[in-house]
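Please read them with the model open.

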Amino acid sequence: MCPFTGILRPVTERVPSPPTQTQSAANGQIEVKRIGHEGAVKLVDLMGGSARHEVRVHDHGFVALVDVMPRMVPEGQTADQAVVQAARVSYGIGTRQVSEDRGLVRYLMRHRHTTPFEMVEFKFHCAMPIFVARQWIRHRTANVNEYSGRYSVMPDRFYRPGVKSVREQSSNNRQGGEAPAPESSALEFLAYLDRAEDLYEEYQRLIEKGISRELARIGLPQSLYTEWYWKCDLHNTLRFLALRADAHAQSEIRAYAMAMWSLIEPIAPHSMEAFRDYEMEAVRLTRLEVAAMRERRDEIDTTNKREQAEWHAKRAALGLDREQAGEADVSG
Ligand SMILES: Cc1cc2nc3c(=O)[nH]c(=O)nc-3n(C[C@H](O)[C@H](O)[C@H](O)COP(=O)(O)OP(=O)(O)OC[C@H]3O[C@@H](n4cnc5c(N)ncnc54)[C@H](O)[C@@H]3O)c2cc1C
C-alpha cells in the first residue's frame, strides 16, 4: 500500500524499471539510491544462490539455513559488513579495508558492544525431538513458527541414541550424563524407547476413530520429532550458542548448536572468530579468583564447594593445575 495515498500499487510502479542511480518520487519525499548497480560495486549472494544450506543432525533431524540478512553483500565481503556498518553508523558501502573491519568486529565483541551484531539475521528450518525443542524454545529472543500437532498428524519420527551413546547419570553433574552406560542398561533403555514408539500406532488408531489430533498427540513420547522455523539475530544466536554449544549442554541439543555454528561461520566469519576467541574459549575470572592469582594461592577464599570446583576447572583450562581437575558442575 502506498503510504501517502493509501492505495495498493504494484511493486513495479513504486520501483520503476530500468532503475536509475538516483531517483526522486513524484511527491518528492522518497529518494531511491541504487548502490551496487551498473558495475559500480558487484553484489554477491552470501548463500551462493542457494535456497537452503542443510546439516543433518541425529537420525531424523536437521538445521537448515534458509535465509540471511544481509543476503547480498559487496563482492569479497560477508555479513560482518552489516556489523561494522552499524557500528560506524555509516551509509552506503564504506571505504574501510576488510582487515580494519575485522579489528572493529573483534573490538565490539571484546567490549560487549552488542547491538551491531543484531543487524545480521538468520532464518533456520530445523527438525528436532520434542525434548530438544523444549530446551531450545527457552531462548526467547528468536521468532518461532512450529509444526502444529493440532492441525496436522505428527509424523512417525523418533529420536533413538545408538547403544554406545546411552549415558549414565553423571556422578558430579546433577543435570548431566556420562557415556557410555553399561551395555545391558543401554539395551534396557532402548527397549523402553521401543515401547514408547509403539504408542504411535495407538495414536493413529485413535485419530482414525475420531479422537481429535490435539488430544491424541498428548500420549506420544518426548522423543517424537517436531520442526520449526527459527529466526534470530546474530547477537542472540551467539547467546544461544554460548549456552548450547557449551560442553555442559545436553549433547542432543549441542549437536544442533554445532550444526548452526558451522552454517553461520562462513556467513559472518570475523564475528564467529571473535566469538570463539572472546566468549567460547575465554576464561572469565571472578574477584575471588583474581585475588587468588595475584596472591599466588591455589585456593580461593570461599568454603563453597561448587565455586572451588569451578576455580579448579578454570585453573586446569589455564594450565595452572598440573593434575587436570574433574569437570565442575557449572550447569546450574
Ligand atoms: C545447562 C543449562 C541448564 C539449564 N537448566 C534449566 C533448569 O533446570 N530449569 C529451567 O527452567 N531452565 C534451565 N535452563 C534454561 C536457562 O535458564 C535459560 O532460560 C535458557 O538458557 C535461555 O537463556 P536466556 O534467557 O539467556 O536466552 P534468551 O531468552 O534468548 O534471552 C537472551 C537475553 O535476552 C534478554 N531477554 C530475553 N527476554 C527478555 C525479557 N522478557 N525481558 C528482559 N530481557 C530479556 C536477557 O538479557 C537474556 O539474557 C538451562 C539452560 C542451560 C544452558
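**Notes on the predicted model**

1. Everything here refers to a predicted model, not to an experimental one.

2. Does the length of H8 agree with its residue count, or disagree? H8 covers residues 251–264, which is 14 residues. At 1.5 Å a residue the helix should span 20 Å, and its end C-alpha atoms are 20 Å apart, so the two values agree.

3. For the chain as a whole, the secondary structure comes to 11 helices and 11 strands. The chain has 332 residues, of which 23% count as buried. Among contacts with a separation of 6 or more, 62% are between residues 24 or more positions apart.

4. An open sheet is formed by 5 strands in the order E4-E5-E7-E11-E8, with antiparallel pairing. E4 and E8 are at the edges and have a single partner strand each, so one side of each has no neighbour in the sheet. From one strand to the next, the twist averages 20°.

5. The pairings can be taken one at a time. E4 and E5 run antiparallel and are joined by 5 bridges. Within this pair, histidine 53 has leucine 65 in E5 as its bridge partner. H8 packs on the sheet, where it touches E4, E5 and E7, and its direction makes about 160° with that of E4.

6. At E11 (residues 225–233), the pairing with E7 is antiparallel and has 9 bridges. Alanine 127 stands opposite glutamate 227 of E11. E11 also pairs with E8 (residues 143–146), again in the antiparallel sense, over 4 bridges. Here valine 144 is opposite tryptophan 230 of E11.

7. Helix H7 lies across E7 and E11, and runs at about 130° to E11. How does H7 meet H9? Their axes come within 12 Å and cross at roughly 45°. That angle makes H7 oblique to H9, and the crossing is right-handed. The residues that meet there are Leu234, Leu238 and Ala242 from H7, and Ser271, Phe275, Glu279 and Met280 from H9. As a general point, an α-helix has 3.6 residues a turn, so residues three or four places apart point the same way.

8. Some backbone details deserve a check by eye. Most residues other than glycine have a negative phi, and most peptide bonds are trans. In this model, the peptide bond between methionine 69 and proline 70 is cis, with omega about 0°. Proline 70 is placed in the loop between E5 and E6.

9. Histidine 58 sits in the loop between E4 and E5.

10. Arginine 296 lies in the loop between helix H10 (287–294) and helix H11 (305–318). There are 6 other C-beta atoms within 10 Å, so arginine 296 is exposed.

11. The last point concerns glutamate 75, in the loop between strand E6 (72–74) and helix H2 (80–88). Is glutamate 75 buried or exposed? Glutamate 75 counts as exposed because it has 9 C-beta neighbours inside 10 Å. Leaving out residues up to four places away in sequence, glutamate 75 touches Lys42 and Val44. Valine 41 is 34 residues from glutamate 75 in sequence, and the C-alpha to C-alpha separation of these two residues is 7.6 Å.

Note on methods. Residues numbered from 1 in each chain as written. Predicted model: local features only at pLDDT ≥ 70, side-chain atom pairs only at ≥ 80, totals over all residues. Helix = DSSP H or I, 4+ residues; strand = E, 2+ residues; numbered from the N terminus. Buried ≥ 20, exposed ≤ 12 C-beta atoms within 10 Å, placed from the backbone. Contact = placed C-beta atoms within 7 Å. Expected span 1.5 Å × (residues − 1). Pairing = 2+ DSSP bridges. Axes fitted to C-alpha atoms, helices over the stretch in contact; angles between N-to-C directions. Parallel < 35°, antiparallel > 145°, perpendicular 65-115°, else oblique. Left-handed = near helix turned anticlockwise from the far one by under 90°.
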